[in-house]
Each structure stands twice: as structure tokens, then as C-alpha cells.
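Keep the structure open while you read.

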Amino acid sequence: MGKAKASGSGSLRVSLPLPPSAIACFLPYLIFRSHLCPRRRVRLAIPSEHTASACRPGAMRCSLKRSLTAALAASFLLLLLLLFLQGGSWQEQDPLEVELGGLAPAMVLQMLQPEGAQRILRDTDDLSALHNVSYHLLAGSLSPHKKFLAVGLASVQRPRGYYLPATLQSLFKQSTEEELQEMVVVVHLADADPRWNMHVAANITHKFAHHILLGQLLLIHTPQEFYPTLEGLKRNYNDPEERVRFRSKQNVDYAFLLAFAANLSSYYLMIEDDVWCAKSFLTAIRKALASQEGSNWATLEFSKLGYIGKLYRSSDLPRLARFLLLFYQEMPCDWLLVHFRLLLTQKDVIRFKPSLFQHMGLYSSFQGTINRLEDDEFQADALDLPDNPPAALFTSMSVFENYKPLKAYGTAEGYFWGKDPAAGSVFSIIFHQPARITRVRVRTGSDERQSDFLRAGVLELGRQRQADGRDCSAYTTVGTFEKGTFEQRGLERGMPGPVECVRIRVTRDQSEWLIIQSIDIWTTAGT
């Protein structure tokens, strides 16, 4: 990661490791603000093998123009090819150094236009037009310390409806003071009308002044002059020109936002500007991350809707920003995010249930059409998330295609779908370690297949795990299913000692197949 150190005249020097190939085709690095000095100064030194004579390790003050010209003339096409074929495999080299004079503390509605800042690509069809973006920082100031989580959203003027204040209110109100200290919210006001952007910035500043002053909320804008062309775009999927223009601009909006947020935090959460948040969603995300420790994930999902609730490592944001920018006119953002996940070799969706974010908007930001999209797995209290201890899963029912038992209990997308359930059919959860269970909730059936729910069944808790680890020898029935659902609390009072198995048992034949949508298990602390 980058290193910061003080230099002469009260300036701040930030070193960001960056391969020469990334310099040739990359969005701007962040414009940092300091609370110390009133002057503004940006110097970029871009060392590479092509500028060794001008940029020695001990004197990294070469001109940006000479560096880029040399790099472009000698190896642009080769570097671009290596960049996207090799991804993040480059070895650490001399860093990109950014020396900034300190900026004044949080100044509301102040435009940030640093001297010497350059423009980004005007059009990804003309990759030789290398520039940096000059962001406008409309409100807030950047923290000198990296946070745990950055929450990013882009907002434009809607023909009908205005949900941004409600979304921000939910983000802040559903978080504790301790959680807010670990979080920064970045809003990209991306409308083409500067008057709307300034009006909204003034409105948000007035309503959320406290969070702005504490560095918990940033409002940014990228001037339209830095956008690639939005005319004459490819009409993939036979979409109307207006829709293609809207979704293409949306991709670029998010690309600029991702590039800005790349060094603000360890993790980045993507949401939209019209969502409700679960209580203590940050704590729930931290818990989910702990469960994935050691795994090579690219995207964790906390909602099943579009690009709401998608979590990324901040170290992946530069690549994701480039990816969205290069393919901005090809397809909608949520489709591109799927391709990005697959390219980073994460084949399966990792989605945590219940969902932490809910779509609230009635009207779409595109042409104001009605959009009643909702996540039926949203739960308002993230502190009430289940524990689901590590376990092995078994069933006596035939499994339909790829609808495996793990999809009902783990983080895999989808649900369990069993064929021909009969009296005596079972679905068993065998814990790796005994656990004291306090609560169990099971949902069967689905919106798409409403008849495939459990007509008659019981839930049983088991002890004395058998030697083969596939079942328990003694079970106690704790309740029955009602209309396909089971939920019961206080189970620890009726079951002395730890439990080793949980079993769903069908008690009557049914002609319909059985979908088990989700199985949620809560345990006492420390088990």
C-alpha cells in the first residue's frame, strides 16, 4: 500500500506503488486533502524504465509530459496488452509519488482544481489520449487515516422521485458511533446539470453538516469534459439509444467514483442512491469477512438486487474502474460486475443472507419509469443475523440439478430443491463442533415455485453424533412447520447441553417437490 511522509514546506508526500503499464491506461489517482496548510500544490513523478535518465530514484521530480511521451512512444501497445492479460501480477517497482501542499480543512461547496492536474481518457477508443481527472470536491475533507469501509454511490437527477437524503439518513442512523468512525460515505453527484449538482450539494450539506465536518461524508463531481463520448454508441441487445446512453454514462460515473475511493479504506461497498440499510450493517459485513478469511474472493454480496450491496477489496478498485471505463458502452454495470468477478476467477456467487440492503425507490432514475423491485430476503436488523456454525449437509431426497443442500444453509446463491419428498425424508445438518442453539428459522418454497413448500414436517435437534459423521443417534422434536415455515426461539431452555445435529423430517407424502429457501441457526456466544 501507499506510504505517506512529511516533506519540506509543510507538504504531504504520498507514495502509491503503480506499475508503468497502469500509468499508460488508468484513471486518476486520488486527490488528497490535508488539514494542515492553505496552499495547493500537486506534483506527479512517474518513474519507469523509459525515463530512467530523467527520473532517478533519488530525484523523482521529472515532468509528467516527458514521462508520458516516452512511455507512449516506446511501449504503449505492449504495456496495454500486458496490463489486461496479466492483471495484478506485476512486481513492485518505483512508486508513483504525489507531493501535495496541505489543503484547508473541510470547506463546504469548495471546488478542488489542483494545479497541474490532467484529464483522463476522452474516449476509450482513443487510448493515446492520456489524462488525469480533476475532481470537484463539493463538500467534506479526506481523512489522513484509512478507514475500514468506504460506501460509494452515484446520484443523478431523476425525472420523478428523490431518494438520496433518505439513503444517507439510513446509512448514518443505522450505524453506531463506533461504526461511523470506521466508515466514510462518498457520493458522486454525476448529473450533467451543474446547477442541480450544486443545489443537491447545498441541501445535503445543510442536512448532514455533522457528518461532513467529521469526515464521514464526501460529495464529489467529475466535470463532463472528462467523460468519453456518449453519442453514436453501439446498440447492443437492440436497446434504444437513450437507454444505451444512460447506462453507458452510468458505467463511467461508477468508474470515476471507484478511482476516487481506491485509497480511502480497506474495503469498498457499492450501493445505489435509493436504498434502506439494515441496522449495524458494517458489523455484519465485518462478521462476513471473518467467515471468508483465507479465501480468494473477488466480490461478496449482501443483496440480490443489481449492484446494491456489492463488497470489494479496495486494492481491486483500480482494475474495476479501468474495466468499467474500457467497456462502458457494451452492457449495463451489473452485467459488467459479473464478468469482472469471473475474470478474477471467482466462479460462484458468494451472497450472505438475509440481505443487508433494500431497494426503496418507486421510480427509476432512467425516464422515471415505475420500479417496484424489492429484496424479499432483506432483514432490517443486522445484529440479528444468524450464526450458522460450520457443518456437513446431507439429505435422503434426490437433488434436482445443481440445487444442492449447501445453497439453503451457506452463502451460495440459490436454494435446495429436492424431488419427491415422502414421509420419512430428511435434510440433516451435522455440526463440525457441538453448539448451543438458541433459535432456528427455516423457510421453504419460493416466489417462483410457490407450491414447492413443506406441507407437513418437524424440526429435530440431535445428539450423539455417529462415527461416520452423517447423523446423530438421538433426536428431540422441538416443533412443527406451519405453512412451510418454522421459527422458534429459546431452544437452549429445552435442550440441555450442546447440539450436534439439526434435522428437518417430512411427516407426510407430498406430490410437489420441496424447496428449502434458507436455514438460519443462532447459537450462544462462544459456541
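## Cysteines, rings and cores

Cys 333 is buried, at a relative accessible area of 1%. Buried here means under 20% relative accessible area, exposed means over 50%, and partly exposed is anything in between (1.4 Å probe, protein chains only). Before going on, note that this is a predicted model: local features need pLDDT of at least 70 and side-chain atom pairs count only at pLDDT 80 or more, while totals for chains, interfaces and linings use all residues. Residues are numbered from 1 along each chain as its sequence is written, and side-chain values use heavy atoms, with hydrogens and water left out.

Back to the cysteines. A disulfide is a pair of cysteine sulfur atoms within 2.5 Å, and the count by that rule comes to 1 disulfide. Its partners are Cys 472 and Cys 501, with sulfur atoms 1.9 Å apart. The torsion about their S-S bond is about 75°, so the disulfide is right-handed. It links distant parts of the chain, 29 residues apart: Cys 472 sits in strand β20 (residues 472–480) and Cys 501 in strand β22 (residues 499–506). Helices (H or I, at least four residues) and strands (E, at least two) are DSSP runs, numbered from the N terminus.

| Residue | Relative accessible area |
|---|---|
| Cys 472 | 4% |
| Cys 501 | 0% |
| Cys 277 | 3% |
| Trp 297 | 4% |
| Leu 282 | 1% |
| Thr 523 | 13% |

On to the aromatics. Rings of Phe, Tyr and Trp (its six-membered ring) pair if their centres lie within 6.5 Å; planes under 30 degrees apart count as stacked, over 60 as edge-to-face and the rest as tilted. The structure holds 19 aromatic pairs. One of them is Tyr 267 with Trp 297, a stacked pair at 6.3 Å centre to centre with 20° between the planes. Tyr 267 lies in strand β9 (residues 265–270) and Trp 297 in the loop between α8 (281–291) and β11 (300–301), so the pair ties together parts that are 30 residues apart in sequence. Tyr 267 is partly exposed, at 21%, whereas Trp 297 is buried. Elsewhere, Phe 400, Tyr 403, Tyr 415, Trp 417 and Trp 513 form one aromatic cluster.

A charge sits over a ring if NZ of Lys or CZ of Arg is within 6 Å of the ring centre and within 35 degrees of the ring normal. Arg 286 lies over the face of Phe 148, at 4.0 Å from the ring centre. Arg 503 does likewise over Tyr 475, at 3.8 Å from the ring centre.

Now for the cores. A nonpolar core is a set of buried Ala, Val, Leu, Ile, Met, Phe, Trp, Tyr and Cys residues joined through side-chain atoms within 4.5 Å. The largest has 46 residues, and Tyr 254, Leu 258, Phe 260, Leu 264, Tyr 268 and Leu 324 touch the most other members. Elements that each supply at least two residues of this core include β6 (147–155), α7, β9, α9 (317–326) and α10 (333–343). The largest share, 10 residues, comes from α7.

What does Leu 258 touch, not counting residues up to four places away in sequence? The partners are Tyr 268, Met 270, Leu 317, Leu 320, Ala 321 and Leu 324, where contact means heavy atoms within 4.5 Å. A second, separate core of 45 residues includes Leu 138, Leu 168, Ile 204 and Cys 277.

As for α7 (residues 241–261), 16 of its 21 residues are buried, so this helix is largely enclosed by the rest of the structure. It reaches 30 Å from its first C-alpha to its last, close to the 30 Å expected at 1.5 Å a residue (the expected span is 1.5 Å times one less than the number of residues). α9 is mostly covered, with 9 of its 10 residues buried; among them are Leu 317, Arg 322 and Phe 323.

Two more spots are worth a look. Leu 282, in helix α8, touches Phe 148, Leu 149, Glu 179, Glu 182 and Met 183, not counting residues up to four places away in sequence. Thr 523 lies in strand β23 (residues 514–523). Leaving aside neighbours within four places in sequence, Thr 523 is in contact with Asp 387, Pro 389, Ala 435, Arg 436, Ile 437 and Thr 438.
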